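The sequence and model come before the details.

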Amino acid sequence: MAFGNFFESSPETEKFLCERLLDRNQPISERFRALFSLRNLRGPVPLKALVLATRDPSNLLAHEAAFALGQMQDVDAIPALEEVLEDLSLHPIVRHEAAEALGAIGLESTVPLLNKSLVSDPAQEVRETCELALRQIGEQKNVDSSEEISLVVASPFLSVDPATPASSSFSVGQLREVLLNEEKGMYERYAALFALRNQGGEGAVSAIIDSLGAKSALLRHEVCQIF
C-alpha cells in the first residue's frame, strides 16, 4: 500500500529484499532490484540494510545505497553517512554520494563535517559535492515561512535534487549558457541542469548532452544519472 512516496510491505517481503541486497553471491542486477525496492520502504529494517550496503565491495552498489538513503531523507541515516564521508579508504564516488545524501536530508548538524570535507577531502568531486550540499542546506534553512515554502516546486520526477532547479522563466538558451560556462559555480550549473531536465525538449536535451564535455567529473556524473 502506498504511503506518500513510500510503500508498506510485509515483514517477510522486507526480509527477502534485505537478504537479496546483501547477498554478494547474487547477480548485481538482482541486488539492484532489491535496493530500488527498499528505497521505497520506511522503517529500521530497510534502513539498516541500505546502511550495510554502503560498505559493499561494489563501489557501484555502495554508491547507489548512499543515494537511496538521501532520497529517503531519514535522519537516522545521518551517522552512517557521516562515517562514509569521513572514511578515506572508500572510493570517492561513494564518499561523494554520502555528501550528497547529507545535503538531501538537510540537517544543520551535518554542516561542520561537510565544511571539514570541503577543505580536506583529497578528491575534487567530493569537495564539489560538499559545496553543493552546504548550499542546499543553507537554502532549505532560508525557506522558513509558509509563503516561501509554497513557492518551492517539487521535482516532477519525485526526486530530491542536489540543487533547486533554476526558475522556469529562464529560456533553454539561457540555461544552456549557464550549464556550459566553466566559470560559473557548481550549484548554479546544477540548477541549470535540473531546470533543463524539467523543461525537456530537443534544445534542453542537446544542452545536457553537450555538458558531457564539462571539465568537472561530478557534473558529467550527474548528467549520466539523468539519462
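Helices here are DSSP runs of H or I with at least four residues, numbered from the N terminus. The model is predicted. With that numbering, G106 is found in the loop between α6 and α7.

Helix α6 (92-105) has 14 residues, and its first and last C-alpha atoms are 20 Å apart, close to the 20 Å expected at 1.5 Å a residue. Twelve of these 14 residues are buried, so α6 is largely enclosed by the rest of the structure.

G106 follows α6 and has a positive phi, near 80°. Is G106 buried or exposed? Its relative accessible area is 19%, and because buried means under 20%, G106 counts as buried. Leaving aside residues up to four places away in sequence, G106 touches I137 and Q140. I28 lies 78 residues from G106 in sequence, and the two C-alpha atoms are 30 Å apart in space.

## Helix α8

Helix α8 covers residues 124-142, which is 19 residues. At 1.5 Å a residue this helix should span 27 Å, and its end C-alpha atoms are 27 Å apart, so the two values agree.

The buried residues of α8 are V126, E128, T129, C130, L132, A133, L134, Q136 and I137. An α-helix has 3.6 residues a turn, so residues three or four places apart point the same way. Among the elements that cover the buried residues of α8 are α5 (78-86), α6, α7 (111-120), α11 (186-199) and α13 (217-226). I137, one of the buried residues of α8, is also touched by G106.

## Residue S216

S216 is placed in the loop between α12 (202-210) and α13. With a relative accessibility of 5%, S216 counts as buried.

Which residues does S216 touch, not counting those up to four places away in sequence? They are E128 and M186. E128 is buried in α8, and M186 is buried in α11. The side chains of S216 and E128 make a polar contact at 3.0 Å.

Helix α11 has 14 residues and reaches 20 Å from its first C-alpha to its last, close to the 20 Å expected at 1.5 Å a residue. Eleven of the 14 are buried, so α11 is largely enclosed by the rest of the structure. Among the buried residues are M186, Y187, R189, Y190, F194 and R197. The buried residues of α11 pack against α8, α10 (172-180), α12 and α13. Just after α11, G200 takes a positive phi of about 70°.

The axes of α11 and α12 come within 8 Å of each other and cross at roughly 145°. The crossing is left-handed. On the α11 side the contact is made by L193, L196 and R197, and on the α12 side by A204, A207 and I208. By class, this contact has five nonpolar residues, no polar residues and one charged residue.

Definitions and conventions: Residues are numbered from 1 along each chain as its sequence is written. Side-chain values use heavy atoms; hydrogens and water are left out. Helices (H or I, at least four residues) and strands (E, at least two) are DSSP runs, numbered from the N terminus. The expected span of a helix is 1.5 Å times one less than its number of residues. Buried means under 20% relative accessible area, exposed over 50%, partly exposed in between (1.4 Å probe, protein chains only). Contact means heavy atoms within 4.5 Å. A polar contact is a pair of N or O atoms within 3.5 Å; within protein, one must be able to donate a hydrogen and the other to accept it, and residues adjacent in sequence count only if both atoms are side-chain atoms. Axes are lines fitted to C-alpha atoms, for helices over the stretch in contact, and angles run from 0 to 180 degrees between N-to-C directions. A crossing is left-handed if the near helix is turned anticlockwise from the far one by less than a right angle, and right-handed if clockwise. Ala, Val, Leu, Ile, Met, Phe, Trp, Tyr, Cys and Pro count as nonpolar, Asp, Glu, Lys and Arg as charged, and the others, Gly among them, as polar.
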